[in-house]
Amino acid sequence: MEPGNHNAIAQLRVMHPATRVSGANGCSSKGGNGKSSCGSSAGQGDLSPKVWEKIKNHPCYSEEAHHHYARMHVAVAPACNIQCNFCNRKYDCSNESRPGVVSERLLPEQAARKVLAVASTIPQMTVLGIAGPGDPLANAEKTFRTFELVAQTAPDIKLCLSTNGLMLPDYVDKIAAMNIDHVTITINMVDPHVGVRIYPWVFYNHKRHTGVEASRILSERQLLGLEMLTARDILCKVNSVMIPGINDRHLVAVNKAVKSRGAFLHNIMPLISAPEHGTVFGLNGQRGPTAQELKLLQDSCEGEMQMMRHCRQCRADAVGLLGEDRSAEFTTEKVMGMEVNYDLASRQAYQEKVEMKRQAVVAARNVELATLAGEQSDLSILIAVATKGGGRINEHFGHAREFHIYEVSTAGSKFVGHRRVDNYCQGGYAEEDSLETVVRAINDCRAVFVARIGSCPREGLTSAGIEPVDRFALEYIEQSAIAYFKEYLERVRSGEVEPSQRGDADIRQGALIA
Ligand code: CLF
Ligand code: SF4
């Protein structure tokens, strides 16, 4: 579609216009009064039906959902009104994206057509997010116009917004009026003296502010915006970038501050910083956290509120399940050539099947979990899993671009993160050097579950103390993890294995363009 072709949306075939699934009546988020079940794999748990309806197929707000449902971003928001030391304008917004250039910036009409094209092709795509590449509320007109067009033509798609929060208080009423049910605010500090090391300036009220004053304005606006949103029962997630030596310890205070203002979920992400990104932090050698540092901080905050651990710091034009990127299939040129056939009824029918599969995953996990009843042990282990989604161990070791990490103990299994890696198998031949990077990425794990694995990587992993396990190929992840843990306990009790501590692991730095 040519830029500015406003008629294109009207030409799209919309077979079943319907009311928005994501209701206008808000929700009864537990707000600041307690930890909720969201973001975990616990299913509805203690969530109210209204909140559950909002999160159950949102891949970012529900860890369990992220194995089954996809999201997409449209890059309609190029400008930004603040400067973060971890951002370079040539790259995606680090608030919501990994640092890779956005392939295309879109006009709202192009974006809306792309949404329908994706919705027609990927029926489990349930969420449209606007997350950059700049700040969506610094580009408010384009952002809201895009949401408006999508709400008219694809009423079942949840609308999701991610912002640095500077302009948030000005737009809360608009956000509520447009049924945007999910808002993410990136809050890296609540103390301007910490902020001064993260934000060199903010542009507010027609003026560029610097120093402590800049961070004071930003923090006040962020927290005010958060309070205003939660007062309207809009689900709020807070993203925080963990920057060792700058805000790592301070993020516990951020966690408390956002919890007390009703945030629903806290997502502490590792700083991604490399010199080639051209950011202030990248150029001055500021490191990101190790896997263990990140997990320790997330664990220490988890008593306060539910933590998101499955964020992929995705691009501002990402499409697909978290962890996969199908954006190259939906360039403007390709979208223009596609027959767009948005069919709400068939989307819903497909999603009902997804729901049944999802329930089967949970049921299998619960049956296995019941067999742990009465087990007494302080041991817990980490397991890396090669998966393509669906909650199953269905990826070959050599094809995995990331591993899901599960922590297993007598309490059950829990998703605690993911690790990106270079493909071990590079188009038919094995890349021996990449085994070393894989080992470093999952070095804290006791075992790696795969659908298949060759003899060379099997030997390399074994000698690194990581057991390659393919006997659960194609089985459910959590059910298998619990079964493995029971065997592990028996092996420890029989003296066959020593329950020694594993080492730390690397979080991969640098751009990853799918
Ligand atoms: Fe996009 Fe963000 Fe909505 Fe998700 S992403 S706007 S809440 S639909 Fe999700 Fe991506 Fe992490 Fe963001 S994995 S970077 S948390
Ligand atoms: Fe970059 Fe996003 Fe920060 Fe703006 S808010 S400077 S786009 S990371």
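Entry 1, overall make-up. I counted 15 helices and 19 strands in the protein, and I note at the outset that the model is a predicted one. I then looked up burial and found that buried residues make up 61% of the 514 residues. For contacts with a separation of 6 or more, I noted that 74% are accounted for by residues 24 or more positions apart.

Entry 2, the three-stranded sheet. I followed an open sheet of three strands, whose order is E3-E7-E8 and whose pairing is antiparallel. Strand E3 (82-83) and strand E8 (207-210) are the edge strands, and each of them pairs on one side only. Between strand E7 (residues 201-204) and E8 I found four bridges in the antiparallel sense, and I saw that Tyr 204 stands opposite Lys 207 in E8. Helix H7 (residues 211-231) packs on this sheet, where it touches E3, E7 and E8, and the direction of H7 makes about 105° with that of E8.

I asked myself how many of the residues of strand E9 (residues 235-242) are buried. Eight of the eight are buried, so strand E9 is largely enclosed by the rest of the structure. Taking "buried" to mean under 20% relative accessible area, I checked both sides of the strand, since in a regular strand the side chains alternate between the two faces of the sheet. Leu 235, Lys 237, Asn 239 and Val 241 point one way from E9, while Cys 236, Val 238, Ser 240 and Met 242 point the other way, and all are buried.

I next asked at what angle H8 and helix H10 (residues 291-302) pack. The angle is about 35°, and their axes lie 10 Å apart; the crossing in which H8 passes H10 is right-handed. On the H8 side the contact is made by Leu 251, Val 252 and Asn 255, and on the H10 side by Leu 297, Ser 300 and Cys 301. Sorting the residues of this contact by type, I recorded four nonpolar, two polar and no charged.

Entry 6, strand E13. I turned to strand E13 (residues 380-385) and found five of its six residues buried, so this strand too is largely enclosed by the rest of the structure. E13 pairs with strand E14 (residues 402-409) in the antiparallel sense over six bridges, whereas three bridges join E13 to strand E18 (residues 447-449), and these two run parallel.

Terms used: Residues numbered from 1 in each chain as written. Chains lettered and ligands numbered in written order. Predicted model: local features only at pLDDT ≥ 70, side-chain atom pairs only at ≥ 80, totals over all residues. Heavy atoms only, no water. Pairing = 2+ DSSP bridges. Contact = heavy atoms within 4.5 Å. Axes fitted to C-alpha atoms, helices over the stretch in contact; angles between N-to-C directions. Buried < 20%, exposed > 50% of the residue type's maximum accessible area, 1.4 Å probe, protein only. Left-handed = near helix turned anticlockwise from the far one by under 90°. Nonpolar A, V, L, I, M, F, W, Y, C, P; charged D, E, K, R; others polar.
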